[in-house]
Each structure stands twice: as structure tokens, then as C-alpha cells.
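Subject: Structure for you to look at

Hello,

Here is the structure I said I would pass on. Please open it first and keep it beside you while you read the notes below.

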Amino acid sequence: MPGVWVFSEKKELNLELLSIGQKLSSDLNQELITFCFSQQEAEDYIKAGGQKVFLLPEKEDEVPLEVYAETFLELAEKEKPEVFLIGATLRGKQIAAQVASKLKTGLSTDCIAVSVENGTPVFERLVYGGLGVQKVAAKSRPAMATIPEKTYPRAELGERQGVIEKLTQLVAGREKIVATKPRRSEALDLSEAKIIVGVGRGIEREEDLSLARDLCKVLGAELACSRPLAEEMNWLPEERYIGLSGQKVKPDLYIAIGISGQVQHMAGVRDAKLILAINRDENAPIFKAADYGIVGDLYEVVPSLTKELQNALGG
Amino acid sequence: MPDVVVCYKWVVDERDIRVEKGELVFDRVGYKISDYDRNAIEEAVRIKEALGGTVTAVTVGPSSAQASVKDALQRGPDSLYFVAYEGELDSEATSLILSRVVNKLNFDLIILGEGSADVYAQQVGPRLAQKLGLPCLTYVNKVTVAGDKVIGERKLEGGIEVKEAPLPAVVTVTPDINVPRIPGLKAVLEAKKKPVQQLDLAALGLTEEDVAPRYETLSLKGTSTDRKQIVWDRKELSRLVDILIKEKVIA
């Protein structure tokens, strides 16, 4: 039986997929089907609109999540879903690509919008580092897409009926998890921040982040950064890097300090109401992507700005 | 001694694209080896420097992408396969073509960038692995080849995951895995002598139909919002603060 399928290993994200899934299932007149890891999740997903919930087979801890690509494949070849939406986590994106490859179907990565036009699933996504938005109509089935967190609101739980079916067989893969290590991370929601101060490679030493932190304190702002500061320098946790593959934010004010203005970074702040840039290089692309720019050495400009703000705001 | 295949894409340089009245303007654009693929090439070359073996680069693109051959070989691969195709290719088609090329080669490991700098679909690596029936480690920022195994490390939302897979395998890498070298004069001169093999769809047993896109593009629009682009020097800081208050973005 076809249907609109949704899956994410993250419960909050799966609830978001169920909300857009409900819309698609009604537009396409298809059953809404999802997947889960526990009986509790199954019940919640039914309350969130899932008409059928497949309980995935258990796996050993050392078996990577991607092993479920085979589970989806086998089921998809039998059930022939019309749409398959997967949460755009790193593992979700790998699973989606492997499933799409076997089914020789299209897949839209990191979609920002999903809809139905003339009975056909339509996906929108960013291209060229975030400069462009491409809208495509799926020509193959299942129409597949991965969708990042917070693209859609969570489905509300209500009293609904649904069927739970247990899947038992797990096809063994050849990859094995040999270690997991915790990493520095924090529960943080930059998407709600009103003011964000972003730092980039113009900051020369880790201890100089204090300049930006002082500015944050005066403004009640959150500190964020460009991708290299989180990934290469490890100065800030990854939850704080803004960009196409990182956080997307929509503050009233974004202050970019020592950030050159790479297209991919700016894709994360395009919904900011006002962008202020501080950079030593007057030719830095950030000045074309900002409302106000100050050309100057951030080591002089940022402390002065902090002081000016302190005086003005009486903090 | 591992034989490594590295795949790359020749892409439009997004820094040269302008957005005018909501439209993307592509006149005067330059091209480049996709940034993430430069990390992939660098990683392949480092593995060869550490363990021996060979590095073979593979690319598919329009004939204008021939301009990439010299650039790619200067970065260290021993040889290169160029598949010419003029039309638009989606990830399914690209991975199908690459799988046919790779099947002609001896290899232990295939390395790709996590995604391409233009469309960033992040699919070609895992699709290629699936078509070749190989294990796949995606988004890794550390790769170790140890005997007949490859070990890859990646940062997930909850922590770092270290995975291991038997060779041959496919790996996709993130930009923080290395800093690609700038080719020196010696590398530039050597690149001219390296073998380049030209292929087309027919040589790979494929037809136009096999590589037709799985979607129809309905529209492609520019996204950037118009910014004021007012640039001052630091003497204007207090004026700036007044504006921020007037704009009600700080309080």
C-alpha cells in the first residue's frame, strides 16, 4: 500500500515531519505512515497523526543507525510509498541517499518547504551557498526529501486511532561503531535569540573571544561564530556556528565581527532584520551583505562599541 | 598500499554570482574545484604519502570542466578520468556515472567531499556506495586506513562517533579534516605529464535516458534580501548606536 512516509531518529523532528506529513497525506489522499523505536513513541506518533506506525527492529549499540536504510528499502519495494520525508540529521541524510539510490529516485536535501502542486510533490531548497532557492517537482516515486529541524511546527498530540506494526528482520551491515565520545555541547536555541554577535577568523586568539563576550553582555546577546571557529579551531561548540550547514537564525540584530561574509555563512543570517559588520578589510564581501559596516581593527572597534552601547543603554 | 579514488566536481564560484532584483546573475562567473572536494583530494594524497599506493581522480562535467584537470592533478593525484557530459546531472545520475568509471579501476578506498559547493545535495557519496555495494562512512573529519579497514570519525548531534568498515569503502569528508595545500612549482610541472583518460556516456554503457534528472526545476530565484550597505569608519560609532536604538533592534 502506498502512503506518505516520514522518519527521523530524533523524536522532536519526527513530530515536525508528522505535521507536514498530515498536510501531504490529506493533499495526496494517502495514508500517513511513520517509524519508531519504542512502544511509547508509537503511541505518541499515532496521537500526532500517524495512521500506521512501524516499530523498527532493535539493533545492537555498535550497529550504526544507517542499518535501517535496508529496512526502509525492503519495505519501500513492497509498499511503494508516494512520498518519503526523512529528518535532515547527518545520519538521516545518509539513510535517505542510500534508499533513494536503490530506488533510483530523486531526493531533495535540506528542504525549506514542501507542498503539493497539481497532485505532484514540490520541494524548495537553497543552492549556491544559499544565494538561490530552487523549486523542483518530483518526477520519480517515492518523492523523497530531507527536512531540517524547525522547518515545520511539531504536530499536536490528540486522540487519534492508528495501527502499530512490528518489523522484525534487521539486515546486517558491514559498518560498525567502535567508539563514541561525548563532545562539548550545550542545549541552546539560537533561533529564538533577538541579538546575536557572530565572530569569525578575524579573531586571532581564543582568549580574544572575551571582546565579543563583553559586547554580548551589554546587549544581552548570544555569541555565535562561523564554521571554522567551531570545527577547525574548536573555540566554540558546534551549536553556535551559523551557516548553510549550521544554525539558521532570525535575530533583530546580527553583529558580525571579523567575519569575511562567505555566502555559506550569510545563508544562516539572511532572515536577520539588521546586520552590522565590523571588519578590517574594506573590500570584505560582508559589507555588501550588511546594513551597516564599520571598517577598522576589531580589537579597537569592538571595545569602543561596547563602551558606546554601555553609555547609551545605561548598562 | 591503498589505491585511492577521489571524485571531484567543477562548480561555479558562488562568490561571483550576483543577485539582482531577485534573480541570479551568472555573467562573469568563475569556476573552481568544489571546496569540499579539495579537502577530499588533499586527504587522498596524504594517505598516499603516508602509506604508498596510488591516487586516481575522477570527475564528470561539461567540456568546459576540462579547465579543472590541470588544477586537480597539481594537487597530487597520479592520473585522472574525465567523463564529458554537457547536460544537467542530478546526484542519481552523477553517482551512476561515477560507479561505472570506478568499476573499471582497482581501488581500496573512494573519497568524496561531503557535498558540492553549488547544490550541496550531499548525496553522491552514499549513492555511489550503494551502487557499488560498499560500506559508507559519511561526514568524517578524521580518516585512518589500517590494514584492510578504514576508520572514520564524525561529529553527530550527540557526540563523536567512530566507525569502522572493511575495505573497499566509500568515505565523505568535511572541511575541517585538513587544509588543502597550495601546489608548488614542482607539482605544477609534474601535473603536465600525468595521464588523463577521456570518457563519455557511451564508453560507460550509459544512455541519455539513464542520466535524465529525477525532478523538474520549476523556478530558480535569488534569495538575498536587500541590505543598506552603509559603510563608515570607527569615528561614526556613536552615530551607529543612535541608529540601532532608533531602529529598535537594541534596548
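A salt bridge, as the term is used here, is a side-chain nitrogen of Lys or Arg within 4 Å of a carboxyl oxygen of Asp or Glu. By that rule the side chains of A:Lys176 and B:Glu164 form a salt bridge, at 3.8 Å from N to O. This pair crosses between chains, from strand 11 (residues 176–181) of chain A to strand 12 of chain B. Helices (H or I, at least four residues) and strands (E, at least two) are DSSP runs, numbered from the N terminus.

Some notes on the source come next. This is a predicted model, in which local features need pLDDT of at least 70 and side-chain atom pairs count only at pLDDT 80 or more, while totals for chains, interfaces and linings use all residues. Residues are numbered from 1 along each chain as its sequence is written, chains are lettered from A and ligands numbered from 1 in the order in which they are written, and side-chain values use heavy atoms, with hydrogens and water left out.

The interface

How many residues of each chain are in contact? Counting contact as heavy atoms within 4.5 Å, 75 residues of chain B are in contact with 87 residues of chain A. The two chains bury about 7300 Å² between them, 57% of it on carbon and sulfur atoms. Buried area here is the accessible area (1.4 Å probe) that two parts lose on being put together, summed over both.

Side chains of opposite charge can pair when their charged atoms come close. The search of the whole structure gives 46 salt bridges over all chains, and nine salt bridges are found across the interface of chain B and chain A. Another salt bridge joins the side chains of A:Asp291 and B:Arg227, at 3.0 Å from N to O.

There are also 49 residue pairs in polar contact between chain B and chain A, both residues being at pLDDT 80 or more. A polar contact is a pair of N or O atoms within 3.5 Å; within protein, one must be able to donate a hydrogen and the other to accept it, and residues adjacent in sequence count only if both atoms are side-chain atoms. Several elements of chain B each supply at least two residues of the side that touches chain A, among them helix 4 (124–132), strand 9 (136–140) and helix 6 (237–246). The largest share of that side, eight residues, comes from strand 15 of chain B. Its residues divide into 38 nonpolar, 15 polar and 22 charged. In this count Ala, Val, Leu, Ile, Met, Phe, Trp, Tyr, Cys and Pro are nonpolar, Asp, Glu, Lys and Arg are charged, and the others, Gly among them, are polar.

Sheets that include both chains

Strands of a sheet pair through backbone hydrogen bonds, either parallel or antiparallel. Two strands are taken to pair if DSSP finds at least two bridges between them. Strand 8 (residues 132–138) of chain A and strand 15 of chain B run antiparallel and are joined by seven bridges. One of the partners in strand 15 of chain B is B:Thr217, which pairs with A:Val136.

An open sheet of six strands has the order 13(A)-12(A)-14(A)-15(A)-16(A)-16(B), with parallel pairing.

Another open sheet has four strands in the order 11(A)-12(B)-11(B)-10(B), with antiparallel pairing. At its edges are strand 11 of chain A and strand 10 (142–146) of chain B. Strand 11 and strand 12 of chain B pair over seven bridges, with B:Arg154 opposite B:Glu161.

Backbone details

Most residues other than glycine have a negative phi, and most peptide bonds are trans. A:Tyr128 has a positive phi, near 50 degrees.

Regards
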